[in-house]
Amino acid sequence: MDVRAEQAMGAQVGGLSRAVTFLLAVACGLAVANVYYAQPLLDAMAAELGLREATVGIVVTVTQVGYGLGLLLVVPLGDLVERRRLVTSQMSLSVVALGVVALAPTVTVLLTGMAAVGLFAVVTQVLVAFSATLATPAERGRVVGTVTSGVVLGILSARTVAGFVSDFAGWRAVYGVSAVATLAVAVALFRVLPRERVQRGLTYPQLLRSVLTLFVEERELRVRAVLALLTFASLTTLWTPLVLLLGAPPHSLSHSEVGLFGLAGVAGALAASRAGRLADRGLGNATTTAALVLLLVSWVPIGWAASSLGALGLGIITLDLAIQALHVTGQSELYAVRPEARSRLVAGYMMFYSLGSGAGSLASTVVFSKWGWTGVSIQGAALSAVALGFWAFSRRR
């Protein structure tokens, strides 16, 4: 790959200029935000389109199903085709999908649009793998951490922005604004991303089969994928039913106020960058252990959310810190396994992330409707405990 001339654009961060690294972080944040906008808007969507509270989590689940399909069918293409073209094509199709959601007249059209939004949001993973390839080995964790910080901020800002825009102009405007922003970033990426010399050693069917082969051959992938499934199920167990809790008495918060709780997790963005640096120093496993303990502990204050917003804020900070440290560390460790298969490795890893996110979302709304916030807290803590136990078992082996 001959990208040196195109990367000489200022001060360097690994093998990437700071300007390009920043744009990659922005693009990742915007793309992943499209997946999370719905969480603080579920009650508004349900009221307008006739969804019941116990089943409104299907909106998030369908988005995650689309995301999972994208991970399986689209992300591996990063090891086969020119990634600049792949990235800009995905973001252009995201614009269309966001428009469908913004204009959806029925539940069926809404769910179709949300599935497409999830499908094309996997451009985030193509971009993270791209940044790992362009970075120097000694600073790969730091570059991945920087770009992933954009992902963290995208997730956090998604809830806040969605709340404010929805209160001002309705939930549909959230997706309209995002469509315009996505188009602008797609144009910028096409102009600044370096070209690649593509080496086509596999056909597309062989490429997809090789994702399964990697699971058989690479133990690190299997371990990190199971952790992703459990920890991100824990994450969406918190966020999906949260609006149902906070929007009802005794809190009775508006969408804007609910969205502000997303900012409580901004510490997660700091953890993303710091965890990448620790991975560069060979401390990836120790960071994983500490983050899993922190994740389990976070559910203690979260369990008091029905009576204390302060406890909820503390729990969110702790949980997001742990999740993002786990995510960055996991990706950094995986990128060192098979340099020629980074897109496929992240595709396999993120498929489990998506399955966990979707399952956590759907289960938590059902649990909330039957057992309230206590049931949700028990679900989240149980998932975190299983993740910690699995990691301990894998290390002993």
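Me: How many helices and strands does the protein chain have?
Reply: This is a predicted model. In the protein chain, the secondary structure elements come to 16 helices and 2 strands.

Me: What is the mean pLDDT of the protein chain, and which element has the lowest mean?
Reply: Of the residues in the protein chain, 88% reach a pLDDT of 70 or more, and the mean is 83. Over residues 1-14 the pLDDT is below 50, although this stretch has 35 contacts in the model beyond near neighbours in sequence. Among the elements, helix H5 (residues 83-103) has the highest mean, 93, and the lowest, 34, belongs to helix H1 (residues 4-7).

Me: What percentage of the residues in the protein chain is buried?
Reply: The accessible surface of the protein chain is about 15,000 Å², and carbon and sulfur atoms account for 67% of that surface. Of the 397 residues in the chain, the buried share is 59%.

Me: Which residues is Trp 171 in contact with, leaving aside neighbours within four places in sequence?
Reply: Trp 171 is one of the residues with the most contacts inside the largest nonpolar core. Its contacts, with those neighbours left aside, are Leu 41, Ala 44, Met 45, Glu 48, Leu 49, Val 101, Leu 110 and Ser 166.

Me: How many residues apart in sequence are the parts that Glu 48 and Arg 172 tie together?
Reply: The side chains of Glu 48 and Arg 172 meet in a salt bridge, with an N to O distance of 2.7 Å. Glu 48 is partly exposed at 45% relative accessible area, and Arg 172 is partly exposed at 22%. Glu 48 lies in helix H3 (residues 42-49) and Arg 172 in helix H9, so the parts tied together are separated in sequence by 124 residues.

Me: Is Arg 224 buried or exposed?
Reply: A search of the whole structure finds 2 salt bridges. In one of them, the side chains of Arg 224 and Glu 220 meet at 2.9 Å, N to O. The two residues are 4 apart in helix H11, so about one helical turn separates them. The relative accessibility of Arg 224 is 2%, under the 20% cut-off, so Arg 224 counts as buried.

Me: Which helix gives the largest share of the nonpolar patch?
Reply: The nonpolar patch on the surface is formed by Val 65, Leu 69, Leu 72, Leu 73 and Tyr 204, with about 390 Å² of accessible area together. Val 65 is partly exposed, at a relative accessible area of 48%. The largest share of the patch is 4 residues, from helix H4 (residues 58-73).

Notes
Residues are numbered from 1 along each chain as its sequence is written. This is a predicted model: local features need pLDDT of at least 70, side-chain atom pairs count only at pLDDT 80 or more; totals for chains, interfaces and linings use all residues. Side-chain values use heavy atoms; hydrogens and water are left out. Buried means under 20% relative accessible area, exposed over 50%, partly exposed in between (1.4 Å probe, protein chains only). Accessible areas come from the Shrake-Rupley method with a 1.4 Å probe; for residues, only the protein chains shown count as cover. pLDDT is the predictor's confidence in each residue, from 0 to 100. Contact means heavy atoms within 4.5 Å. Patches are made of residues with over 30% relative accessible area and no salt bridge: like charges are joined within 9 Å, nonpolar side chains (Val, Leu, Ile, Met, Phe, Trp, Tyr) within 5 Å. A salt bridge is a side-chain nitrogen of Lys or Arg within 4 Å of a carboxyl oxygen of Asp or Glu. A nonpolar core is a set of buried Ala, Val, Leu, Ile, Met, Phe, Trp, Tyr and Cys residues joined through side-chain atoms within 4.5 Å.
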